[in-house]
Amino acid sequence: MSQRIVLFAAVFSVAALSSHAQTVPQYPNYPSETPTTLQQPTYAGEGMDYERREVMIAMRDGVKLHTVILVPLSLKEKPAKHEGMLLTRTPYSATATTTNAQSIHLASALFGYDNALETIIGGGYIRVVQDIRGKYGSEGDYVMNRPNHGPLNPTPVDETTDTYDTIDWLVKHVPESNGKVGILGISYDGFTALIPISHPHPALKVAVPMNPMVDGWRGDDWFHNGAFRQQNMSYIYEQAGSRGNDYHWLNTYFDDYDFYMRFGSAGELGKRRGLEQIGFWKKVIEHPAYDSFWSDQAVDKVVAAEPLTVPTMLVQSLWDQEDIYGAIATYKALEPKDTHNDKLFLVIGPWHHGQEIEEASSLGAVKFHSDTGLYFREQILAPFLAHYLKDDPPPLKTAPVTAYETGTNTWERLESWPSGCAHGCEPKATPMYLQAGSKLGFKVPAGGEEFDEFVSDPAKPVPFRTRPNQPMGYTPNLSWVRWLVDDQREFSGRTDVLTYTSDVLTSPLKISGEPIAHLVASTTGSDADWVVKLIDVYPDEVGGDVEMGGYQLAVSMDIFRGRYRESLAEAKAIPPNEPLTYKFALPTVNHVFLPGHKVMVQVQSSWFPLYDRNPQTFVPNIFFAKPEDYKKATERVYHSGKEASFVELPVVK
C-alpha cells in the first residue's frame with residue numbers, strides 16, 4: 001500500500017469518526033449524589049470519647065508521612081491533663097489500624113492489628129500510628145526493612161531518622177502530650193520499634209519491640225540458616241508491589257504443596273509470577289548466602305553498635321511461626337551493654353506471632369489454663385509503660401526477664417536469660433544422643449549400628465505440616481498461626497524421616513535456652529538440607545484432655561542448608577559419602593518434659609513447601625536450579641563412637 005493511500009485512508013477514518021461523534025445525541029446532566037468532600041459530624045454530646053487528627057509530618061528531606069493521632073477527650077477537660085504518647089510506625093496502613101469498627105469509642109477504633117487495647121485504653125495514652133515512607137498515605141519511596149544510613153543506604157534518611165523527626169514534631173504540636181513518647185509494635189512494626197533505639201530522640205522514653213523482624217537470613221522472615229522460606233513470596237509480592245498493597249498473589253491450587261511443586265524452583269516461580277519487577281525480590285535472589293547485604297542490616301548488630309539508653313522490652317513468642325529468631329538474638333547482643341541491669345527487659349510467652357495482644361489461653365491443641373496474653377498486657381506491659389510515660393509513675397516492678405514455662409504452665413521472674421530459676425541457676429549443656437534402634441538417651445552410644453539412613457527424594461519432599469498445606473495468612477479459615485504446634489505423628493511414620501525416642505521419663509526434665517543440634521551425617525549428593533525437631537511425646541492417655549493422648553508436640557525445630565556448613569557467607573559443595581558435622585542452634589525454649597512423657601528427635605532433609613527444595617546437587621544458586629538438578633540422595637545419620645550425633649539440651653538441675 002502506497003504512503004498516499006495510507007494517508008488518505010487515515011484522514012478518511014478520522015473524518016468519519018468526527019462525523020459520527022457529532023451525531024451522538026446530547027443528554028442533560030444528571031447531578032451526582034456524592035459530595036465533593038463529606039463533612040463528617042463531630043458527635044458532640046453523643047458520647048464520643050476521642051478526637052481524631054490526621055496530619056502529614058515533614059521529614060528532614062521534605063518527604064511527608066501520613067500520621068493518625070487519637071487523643072482521648074478526657075485530656076481536654078479543664079484543667080487540662082497531659083499524657084504520654086504511644087507511637088507505632090507501620091507499613092500496614094495507619095488508617096486501617098485506627099478505624100476498625102463503626103463506633104464512636106476509642107476502644108472500637110483501635111480494635112485491630114498492633115493495638116494492645118487494655119494497655120492503651122486503660123493507660124489513657126495518646127495513640128499515634130504512622131505510615132512509613134512509601135506506604136499507603138505517606139510520600140517517598142518504600143524499601144523493605146530500610147537499612148540505616150551506611151553502605152546499604154546512601155541516603156540521609158532511614159527509619160531511625162524518620163522516627164526522630166516524627167517524635168520531634170509530636171512533642172511540639174500535640175498540646176495534650178506530656179512530652180514523653182513510647183514506641184511499640186509487632187513484626188515489621190516491631191522492627192520499626194527496635195531500630196530507633198540506635199539513635200533515639202530525647203523524648204523517646206521506652207520501646208517495646210514485639211516479635212521483631214531482625215535478621216531475615218539467620219532465622220526470621222526470608223531464610224532460616226540459608227534455606228529460603230518460599231511461602232513468603234506472596235508477602236513480598238503484595239507488600240512491595242504497590243504503595244497500598246493493591247495487587248494480590250493468586251494461587252492456582254488449593255494445596256500449596258501442589259502449587260510450589262508445579263513451578264520447581266522459587267526463582268522460576270518468581271519469574272512466572274512477575275516478582276522480578278520488584279526491587280526487594282531481586283536483592284533476595286542475588287544474595288542467597290549470608291553476605292554483607294544481610295549481615296550489615298541485621299538489627300541486633302546495628303543496635304548493639306550504639307549505647308543502650310532507651311529502656312527496651314523485647315517480647316519473644318516460643319512458637320513464633322514467622323520471626324522466632326529476632327528478639328532472642330537482640331537480647332543476646334544488648335545484654336552486655338545493660339551494665340546497670342535497668343535498660344533491657346525480656347518477656348518470653350507461649351504464643352504464636354503476635355498472640356500476646358490476643359486471647360491466649362491456648363494455641364492449637366495446647367491449653368495453658370489461663371489467658372496468658374491478658375496476663376502479659378495487664379501485669380507486665382501496662383505497668384512497664386506507665387513507669388516511663390506517666391508524670392506520676394508507679395515504681396518499676398518488672399523483672400529483667402519474665403518467662404513462661406511450658407509443660408508446667410507457670411510464669412517465672414528471672415534475673416537473666418537463659419536462667420533456670422529466679423536465683424540465677426545456669427542451664428548445663430547436656431548431650432542427648434541419637435542411638436541405634438531409634439533410641440534417644442544421655443549415654444554415649446557404645447557401639448552397634450553406626451548409622452541410620454533414608455532416601456530423600458525432591459520429587460516427594462516431606463511436608464512441613466499435614467496436607468493440604470494452606471498459604472501463609474491470617475484470614476479466619478487459615479491455620480498458619482498454629483503450624484509450629486502441629487502433632488508430629490504424621491511425620492514420625494514416614495520412611496524419609498528418622499525418629500529417635502527416649503524411655504518414659506520418671507522425673508521432670510527442664511530445659512531453658514537454645515538446644516544445639518550436632519548432626520554427623522553424609523549424603524550421596526553434593527548438597528543437602530537438615531531439619532532437626534525436638535519433640536515432647538505425651539502419654540497415651542492424658543487426664544482431662546483426651547485430644548492430647550500420644551500427642552507429639554514440637555518444642556523446638558529448625559532447618560540448616562548444608563552448603564553453609566563451613567561458612568554462612570560462602571556456599572560449598574558437600575563431599576559425597578563423607579560423614580561431616582552440622583552444628584546449628586534451634587529456637588529458644590523454656591520447657592519441662594513431665595514424668596510419663598518421652599523426648600523425641602526427628603531428622604529429615606526437606607520441609608516443603610515452607611522452604612524451597614534443595615536439589616541435592618550443588619548449584620551456585622538454588623533459586624535458579626533446573627529440573628534436571630533435582631536428584632534423589634541417600635542420607636545417613638551417624639550415632640556411634642566419635643561420629644555420634646546428639647542434641648545438646650540446656651538442662652536445668
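Is helix 13 mostly covered or mostly uncovered, and how many of its nine residues are buried? The points below take this up for what is a predicted model.

1. Cover of helix 13. Seven of the nine residues in helix 13 are buried, and the helix is mostly covered. The buried residues are Gly326, Ala327, Ile328, Ala329, Thr330, Tyr331 and Leu334.

2. Ten strands form an open sheet with mixed pairing, in the order 1-2-4-3-5-6-9-10-13-14. At its edges are strand 1 (50-58) and strand 14 (410-414), each of which pairs on one side only. On average, neighbouring strands of this sheet are turned by 20° against each other, direction ignored.

3. One pairing in detail. Strand 3 (residues 83-90) pairs with strand 5 (residues 177-186) in the parallel sense, over four bridges. Met85 has Val181 of strand 5 as its bridge partner.

4. Helix 14. This helix, residues 372-389, also packs on the sheet. Helix 14 touches strand 3, strand 5, strand 6 (204-210), strand 9, strand 10, strand 13 and strand 14. The direction of helix 14 makes about 160° with that of strand 6.

Conventions:
Residues are numbered from 1 along each chain as its sequence is written. This is a predicted model: local features need pLDDT of at least 70, side-chain atom pairs count only at pLDDT 80 or more; totals for chains, interfaces and linings use all residues. Side-chain values use heavy atoms; hydrogens and water are left out. Two strands pair if DSSP finds at least two bridges between them. Helices (H or I, at least four residues) and strands (E, at least two) are DSSP runs, numbered from the N terminus. Axes are lines fitted to C-alpha atoms, for helices over the stretch in contact, and angles run from 0 to 180 degrees between N-to-C directions. Contact means heavy atoms within 4.5 Å. Buried means under 20% relative accessible area, exposed over 50%, partly exposed in between (1.4 Å probe, protein chains only).
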